[in-house]
Amino acid sequence: MFHRISALVLGLAGCVAGLWLAPASAADSRLETIVKRDKVIVAVSSTARPNGFIDENGKLTGFEVEFARLMAKALVGDPNKIELMTTTVDGRFPAVLSGKADFGISTATIYPDRAVRLAFTRPYIDSSTLVVVPKGSPIKTLADLDSESVVLGSTNSAAMVDRAKLYAPKAKAIFFDTDSAAVLALKSGRSTAWQADSAAANFFVGQSEGAFVVLDGSLGTINNNAIFMKPGDFELWLALDTIVREYVNGSRYGEYAALYKTWFGKEPPPQRPFNQN
Amino acid sequence: MDFAFIKTNAPFLLDGATMTVALALGALIGATAGGAVVAALTMSRLAPLRWLGLAFVEVMRNTPILVQIFVLYFGMPTLGLTLSAFASAVLAMSLQNSAYVGEIYRAGLESIHPRQREAALALGMMPGQALRTILLPQALRRVLPPLGNQFIIIIKDTSVASTIAVAELTQAGKLLLDRSAAPYETFTTVALMYLGMSAAVAGLLKVAEFRFPVRVSQ
């Protein structure tokens, strides 16, 4: 018995050591690999409408998926030279840290704790957190959330957990692996309110034919969503950061604005002059 | 590996592990008791009861635990029955594992030569007495190893409960990973915690096997 357990522990330690040592040998920039491969591999979500989801025709699309294609267009000259790697919320960071994906675009908020182990580009979009309730719900304002009768559903992310504790400490908070499951909880009455990324909340309410409404105001501060990658690769980071800048307020702003309007039905923040970045 | 990170966050993961133990214990008790009912049904002489038992085993074994948990958690409220997330998870795991454990019991009982029962009856024992004193003690020893396997599967299956918002070990691990972007540290610790729990159950069953060895004397 003891031998068996020791063997297991040793095996596990071996796996961990392998994972740990692997990054040390990668000296070249991944940017060269991408250019040589002539294709980018991007981690995206497939369960977060409208950012990344499978549409009625079975096609993976959404604002972030299409933005990933714009990144591919800039990096290798063709928006279709891309391999989209779908992950859940908890699989997105390991996808880039393990080297399986070149970088990720998956509603990742820049978060100080995360910046220690991940590299972020500048944000490609800002987002806020909105709360969705069924039409006719007794919850009329964000202040009503802090009540023992409220069941606040959301995805299992650090920012969501912190907000639930801060703004609705008396409410029962429940956390799901995906936005889809959190939506299902709201629809089935398992939760009485759903806190979600503004894009996801607006999109869901827009499609619900009046069955659900968004409460006025946003929960907490404005967040910055950015492309994330494995830290330590300055060349790749600089390229990605520069490309993002060119899209959100530089030479490619037109393409970004068109994409933004397609998915959110409104104009993005205006292109900023060079000295106000 | 950042060991300080593990040390700082171990208490948070331990809270999740406590929930995992509660889920596993609930499902273990449910499956052990439910398995007995399933075995009684599938070995019944009454055909309708036997069919009922067999149908239950096939449905439970042939559908994924995730689907069963979703049906209980999201589907039942539409029928007016609202179970908590914890209860839904324990019930789903108990039901599915009842099917497996029931089959383990049946295999154990059927492995005892039928002549032993006949001999017991010939000696004047009542059928229930023969089952209790002759067949079950032997069968229980034989089912300990496969039962141990099943119990370990139950412990690992508890991770599925995170999908319906039960704050167990895997969910705690996912949340910690999301906050810190430290997958190796987080999941190594999580894996070691699962390993500890499974090893504890495996160890207890080994002790039981040692204490009640199978005697081959047919």
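Two strands count as paired if DSSP finds at least two bridges between them. Strands (E, at least two residues) and helices (H or I, at least four) are DSSP runs, numbered from the N terminus. With that in hand, let's look at chain A, where 5 strands form an open sheet with mixed pairing, in the order β10-β9-β11-β8-β12. β10 (172-176) and β12 (212-214) of chain A stand at the edges with a single partner strand each, so one side of each has no neighbour in the sheet. From one strand to the next, the twist averages 30 degrees.

This is a predicted model, so local features need pLDDT of at least 70 and side-chain atom pairs count only at pLDDT 80 or more, while totals for chains, interfaces and linings use all residues. Residues are numbered from 1 along each chain as its sequence is written, with chains lettered from A and ligands numbered from 1 in the order written.

β9(A), residues 151-155, pairs with β10(A) in the parallel sense over 5 bridges. Here A:Leu152 sits opposite A:Ala173 of β10(A).

Two helices lie across β8, β9, β10 and β11 of chain A. Angles run from 0 to 180 degrees between N-to-C directions, using axes fitted to C-alpha atoms (for helices, over the stretch in contact). Contact means C-beta atoms, placed from the backbone, within 7 Å.

| Helix | Residues | Angle to β9(A) |
|---|---|---|
| α6(A) | 158-167 | about 160 degrees |
| α7(A) | 179-187 | about 160 degrees |

Over in chain B, the buried residues of α7 (169-180) pack against α4, α5, α6 and β10 of chain A, together with α1 and α8 of chain B.

Technical notes:
Expected span 1.5 Å × (residues − 1).
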